[in-house]
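Hi there,

Here is the structure I promised to pass on to you. Have a look at it first, and then read my notes below.

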Amino acid sequence: MTFGVGSPGGSDLIGYRRVTVTPEMVGREMPVFAAIEVKTAKGRATKDQLRFIEHIRNAGGIAGVARSVDEARLILLL
């Protein structure tokens, strides 16, 4: 089975979370792109998946690999 956004390395779960920006940015809330690659306890992210995660982070988004709900929550809190 294939899941994710359809491109090689695309994460299984994507979306955004709301972030309150600084006063210099008018104090409005803005979405931040978030991507979580879901793996089993023994699962490993592919090179394409790691590149996708790095790309999202470099662009200011939130991304990571999670093996549990708690790990996913930690990624989103960073």
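Of the 78 residues in this protein, 28% count as buried. Please keep in mind that the model is predicted. The protein exposes about 5900 Å², and carbon and sulfur atoms supply 59% of that area.

As for the fold, you will find 2 helices and 3 strands. If you follow the chain along its sequence, they come in the pattern β-β-α-β-α. I also looked at contacts between residues at least 6 apart in sequence: 44% of them join residues at least 24 apart.

Next, the inside. In soluble globular proteins, nonpolar side chains tend to be buried together. Which residues make up the largest nonpolar core here? There are 7 in all: Val32, Ala34, Ile36, Ile62, Ala66, Ala72 and Ile75. The elements that each give two or more residues to this core are β2 (29-38), β3 (62-66) and α2 (69-77). Of these, β2 gives the most, with 3 residues. Another core, of 5 residues, lies apart from it and includes Ala35, Phe52, Ile53 and Ile56.

Is Phe33 buried, exposed or partly exposed? Its relative accessible area is 37%, so Phe33 counts as partly exposed, since buried would need a value under 20% and exposed one over 50%. Phe33 also lies 7.0 Å from Arg17, C-alpha to C-alpha, although the two are 16 residues apart in sequence.

Enjoy exploring, and write back with any questions!

Best wishes

How values were computed. Residues numbered from 1 in each chain as written. Predicted model: local features only at pLDDT ≥ 70, side-chain atom pairs only at ≥ 80, totals over all residues. Heavy atoms only, no water. Core = buried A, V, L, I, M, F, W, Y, C linked by side-chain atoms within 4.5 Å. Buried < 20%, exposed > 50% of the residue type's maximum accessible area, 1.4 Å probe, protein only. Helix = DSSP H or I, 4+ residues; strand = E, 2+ residues; numbered from the N terminus. Contact = heavy atoms within 4.5 Å. Areas by Shrake-Rupley, 256 points an atom, 1.4 Å probe, with all protein chains shown as cover.
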